[in-house]
Amino acid sequence: ALSQLMGLLRFQTSMSGGELVPLQDYLDRMKDDQKHILCAVGSSAKSLLASPSIESYLGEGLEIILMDDDIDGDLLDRLLLEPEFEYALGIHPMSGPHFLELNIQG
């Protein structure tokens, strides 16, 4: 049940061109050596993409999930703190990848 619900999650990412994409698409595009599911929370995707705080990640070609909806911060808190969400995504908490909230300044 939880895994089916997790399959419904859609997010805009730094590489989705403004489209909402399934979380699984993001996971499939992750670099082989990438250890974190990168998430940025803010008031708009445009302001997140303009933030100097994520320039280095973008420069490395890493995709970032842009969380700009009011509920996204709460969802990310649950994803960060409750391992059953990672299990529902098929992610083993001991081997990763793990969610990482980027600290966005400004």
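This is a predicted model: local features need pLDDT of at least 70, side-chain atom pairs count only at pLDDT 80 or more; totals for chains, interfaces and linings use all residues.
Figure 1. Residues are numbered from 1 along each chain as its sequence is written, and side-chain values use heavy atoms, with hydrogens and water left out. The protein has six helices and five strands. Helices (H or I, at least four residues) and strands (E, at least two) are DSSP runs, numbered from the N terminus. Read from the N terminus, the elements go α-β-β-α-β-α-α-β-α-α-β. Take the contacts (heavy atoms within 4.5 Å) with a separation of 6 or more: 63% of them come from residues 24 or more positions apart.

**Figure 2. The five-stranded sheet.** Five strands make an open sheet with mixed pairing, in the order β2-β1-β4-β3-β5. Here two strands pair if DSSP finds at least two bridges between them. β2 (20-22) and β5 are at the edges with a single partner strand each, so one side of each has no neighbour in the sheet. From one strand to the next, the twist averages 50 degrees; the axes are lines fitted to C-alpha atoms (for helices, over the stretch in contact), and angles run from 0 to 180 degrees between N-to-C directions. As a reminder, strands of a sheet pair through backbone hydrogen bonds, either parallel or antiparallel.

**Figure 3. The parallel part: β3 and its two partners.** Strand β3 (residues 36-41) runs parallel to strand β5 (residues 98-101), and four bridges join them. Look for Leu 38, whose bridge partner in β5 is Leu 100. β3 also pairs with strand β4 (residues 65-67), again in the parallel sense, over three bridges. In that pairing, Cys 39 has Ile 65 of β4 as its bridge partner.

**Figure 4. The antiparallel part: β1 and its two partners.** Strand β1 (residues 10-13) pairs with β4 in the antiparallel sense over two bridges. Gln 12 is bridged to Leu 66 of β4, and Thr 13 to Ile 65 of β4. β1 and β2 run antiparallel too, joined by three bridges. There, Gln 12 stands opposite Leu 20 in β2.

Figure 5. The hairpin of β1 and β2 has six residues between the strands, and Gly 17 takes a positive phi near 60 degrees. Ser 16 is in the loop between these two strands. Is Ser 16 buried or exposed? With a relative accessibility of 12%, Ser 16 counts as buried. Its side chain reaches the backbone nitrogen of Thr 13 at 2.9 Å and the backbone oxygen of Glu 19 at 2.7 Å.

**Figure 6. The largest nonpolar core.** A nonpolar core is a set of buried Ala, Val, Leu, Ile, Met, Phe, Trp, Tyr and Cys residues joined through side-chain atoms within 4.5 Å. The largest one has 24 residues, and Tyr 26, Ile 37 and Ile 65 have the most contacts inside it. α2 (23-29), β3, α3, β4 and α5 (72-81) each supply at least two residues of this core, and β3 gives the most, with four. Zoom in on Ile 65: leaving aside neighbours within four places in sequence, its contacts include Phe 11, Leu 23, Tyr 26 and Ile 37.

Figure 7. Lys 46 belongs to helix α3 (residues 45-50) and counts as exposed at 70% relative accessibility. Lys 46 and Gly 18 are 28 residues apart in sequence, yet 9.5 Å apart in space, C-alpha to C-alpha. Pro 52 is in the loop between α3 and α4 (55-59) and is exposed as well, with a relative accessible area of 60%. Pro 52 and Ile 104 are 52 residues apart in sequence and 8.1 Å apart in space, C-alpha to C-alpha.

Terms used. Buried means under 20% relative accessible area, exposed over 50%, partly exposed in between (1.4 Å probe, protein chains only). A polar contact is a pair of N or O atoms within 3.5 Å; within protein, one must be able to donate a hydrogen and the other to accept it, and residues adjacent in sequence count only if both atoms are side-chain atoms.
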